[in-house]
Amino acid sequence: MSQPELENYLQTYFGYSTFRVGQKEIIQDIMEGRDVLGVLPTGSGKSICYQLSAKLLDGITIVVSPLISLMIDQVKQLKAINFKEVIALNSFMEPMERRKVYQKLHTYKLIYVSPELLQKKELQNILSKLHISLFVIDEAHCISQWGYEFRPDYLKLNTIVETLNNPTILALSATATSNVQRDIIDAMKRPAIIKHIYPMDRDNIAFCVEEVETDNEKLPILSNLLTNYRIPTLIYFSSRQTAEDISKLLSDKIPFRRIAFYHGGMEQIDRIAIQQQFMNDQLDIICCTSAFGMGINKSNIRLVIHYHLPPQLESFIQEVGRAGRDGESSLSLLLFSKKDLYIPKRIIQSELPSKQDLQSVFSHLLNIFNSSGKLPSNEQQVQNLLQLSETQWRFLRFQLEKHGMIDENTILYEKENWEKVFQKINNLIFERSLLKENKLNEIIQWVHEKECLRKHLYKSFQSSYQKPKFQCCSNCGFSISEWEPLEITNVKNVELSWENKLKKLLFIGVNDEAK
Amino acid sequence: MLVEGIILKCSMNIQGERTDSAIYHILKGKRSIQTVQDIHLYQLENFFGVYKSLKKQLFERKINELNAKGFLQRISTSEPLFKTSKAGVDWLDQSTVEIPYHYFAGLKYNGMANSFFERLTLLIQTLTNSYMKYYKFIPVIDTTSVENWVKALFLKAKSKESYILSTIFQELESLLHYLTDQEAEMFVDRLSGYKNYGMSIHQLAVKYEMTSEDTQLYFTGIIHRMLTMIENANSSFPFMSFILKDISNKHMITNSANSTYTFLKRGYSIDTIAQLRQLKNNTIYDHIVEIALYDANFPIHNYVSKEDQQKIMKASSITRSYKLKMIKQSVDEHISYFQIRLVLAYAKNSLGR
Ligand SMILES: [Zn+2]
């Protein structure tokens, strides 16, 4: 397909007049049937690569993504721009609804699916009868055991691709070191894959690390900074409760800023409301967990603050990357306190089962083997039964299947094998914890870096970086007094009576010319 | 204070004859025969299902706090049985100035209130955006059934947006005038429109200086109040009545009971249904009792003769009890527990309407 033609389609279907870096090259390769590994920084519009391809290709495009809320958001956004033949399949769907959707899967152009659901034979059977022309692996770094977010389900994707008659593959990630890239290519068995790797450094973001003794010092820093500037701001927290608490404290301290919190524990209607209020500039500041930001495309976020130390550089880079997508001067501020170090350590521990957990799971399984012999078919029930978190169970299920201890829901008992497997899994847990601790040490080291923060932030991902457009970092003499971000112009905050608010909302007394 | 007030109201009526979890089940709207009998026995119909998202942990904390404050008095050491104390009753009396307990009509509306609000807010969001020819908005509601309802209406409403919006305005304005200004404002703040997304429960809580739990409950109360007014004067609120029209009570029956019902209607026997659905017979019995409780057209005579029905009702009024055992002892031996439960449930159904 010729270049102007692609641009026309981009305009027609998505309303953009030009491609961003990398998009066109990737789409061209896909349209010619070549497999692609794309590493594009957060906010570069990765999803356009498959969304436009899905529109143009003959058959169906499947997107595997572990981020369910992101899938749902994307489906909403696509429907909003009139791309209707799109659906997100995940295990939260009502079985009835899912069955209905399965019957008309052939009517969709773009199907998002969670890796868990894609493991199910029922879905695989239906998909194998359809014409799948593109298979997209989003967050492809999850395939690598050495990535920070390894998902065992991803390792089975290559066999699934075979049952789908080997469609073109597009593997996408925002953070993939060269080791992880190699793992992706090996796991998908596509050595001829074409790599499109783009640098992730952002020349319009300055980096600041500020070390404090205790949490008490953080609040005044936040309120000073946010009093001085009215700019769209994200503050990331490691815990839902702290996000809520600080949101409240900040609102009391700086009542002239509009502040809200956001996390995965909120009702859906409230999540949409907060997210859209922020998009719509009805809110200035969001106190959030890592659940916020995926799939939102707000170009004028000026400030991203980390109230807690993230557990590794990858998620830090992704979260910071939400700032300044319009290219204007933006700032990343990380508040570091030695007293916080237990938080990422605890997160790491909670992601994997402990030795005690493992022992108790094994004895539970033996009990079940001696009674019904079957695990409940509902994953949630299994997690409750074995008292494991979702991540812990996902990890264990894969291991138990791999070592022949369970087959779907049936438990297979063999004393000697079980003893061996216990040791193997226990060793693996040890190795994975070590890996995660190394990742944590990497970011701690970066925080204590004496040289340029920019240089050391990106060094394990790419060999060089662009010269900063504005100030560089707190080690290169960043001065807040010289920071001049574009501010939100005066916000009218007139409180209307409820009658007038209702009139305004429903366009009462507005004549048609005023539209 | 709303959560506390309602817990005290419930325990005042129950007076320690049930454990505290009975109150929890009432507020959550548990669809068990026990809970439904409780709400009638203790006249707590209005609070049935008013707080579906209530967490057990929060409920227990509230009970402990009320106990520590001396508003609830524990009357048994072995079981969690509580009475509302004198101090608690005094506090309740005073609280009626601020808390509109009478807004709630849980038994009647707990299955409809949410759907009504979701339809209304999504409809307003859709119409205002379409009026401004802006089609890229993100819907605030993603419940499929609500989306479909709004979609179907929207197809007919296109190009008549401003007419419908002004109808909605007139009806809402007159409805909201029956509430306090603060309540009306709370309701309007939660609505979404063109480039304007409504407040979350938490944002409302901050603005009106309440806890999130109270805000959630208060909002439910406001909707119940509005629904009551719409039903009482449906000719004054034709559009609101239209929104409500096909939100039926069928949401009251659990999915599982509903599919049992489908089999029953096709004439399958209880044994066959149990086999087909791989459930115990007792579970199917429970489903049938649930259906009898909510479906006005339930063919009770298929299961209990007219004569036996009368015997059961008589026994229940003589023993002045809903305790199955006492009723069972005072009726003919051929009448089963299942039949007694069924008749009691069906009686509740007729009373409730
Ligand atoms: Zn620097």
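Predicted model: local features only at pLDDT ≥ 70, side-chain atom pairs only at ≥ 80, totals over all residues.
Where the two chains come together, 34 residues of chain A touch 44 residues of chain B.

- Putting chain A and chain B together buries about 3400 Å², and carbon and sulfur atoms give 65% of that.
- Three residues stand out on the chain A side: Trp498(A), Leu505(A) and Phe507(A) supply 22% of the area that chain A buries against chain B, more than any other three residues.

**Links across the interface**
- There are 4 salt bridges between chain A and chain B.
- In a salt bridge between the chains, the side chain of Asp270(A) meets that of Arg190(B), with N to O at 3.0 Å.

**What chain A brings**
- Four elements of chain A each supply at least two residues to the side that touches chain B: helix H4 (68-80), strand S10 (259-262), helix H13 (268-279) and helix H21 (498-505).
- H13(A) gives the largest share of that side, with 8 residues.
- By type, the chain A residues that touch chain B split into 17 nonpolar, 6 polar and 11 charged.

**Confidence in chain B**
- The average pLDDT of chain B is 88, and 95% of its residues score at least 70.
- Among the elements of chain B, helix H10 (residues 181-190) has the highest mean pLDDT, 96, while helix H19 (residues 337-352) has the lowest, 77.

Conventions: Residues numbered from 1 in each chain as written. Chains lettered and ligands numbered in written order. Heavy atoms only, no water. Contact = heavy atoms within 4.5 Å. Buried area = accessible area lost by both parts, 1.4 Å probe. Nonpolar A, V, L, I, M, F, W, Y, C, P; charged D, E, K, R; others polar. pLDDT = per-residue confidence, 0-100.
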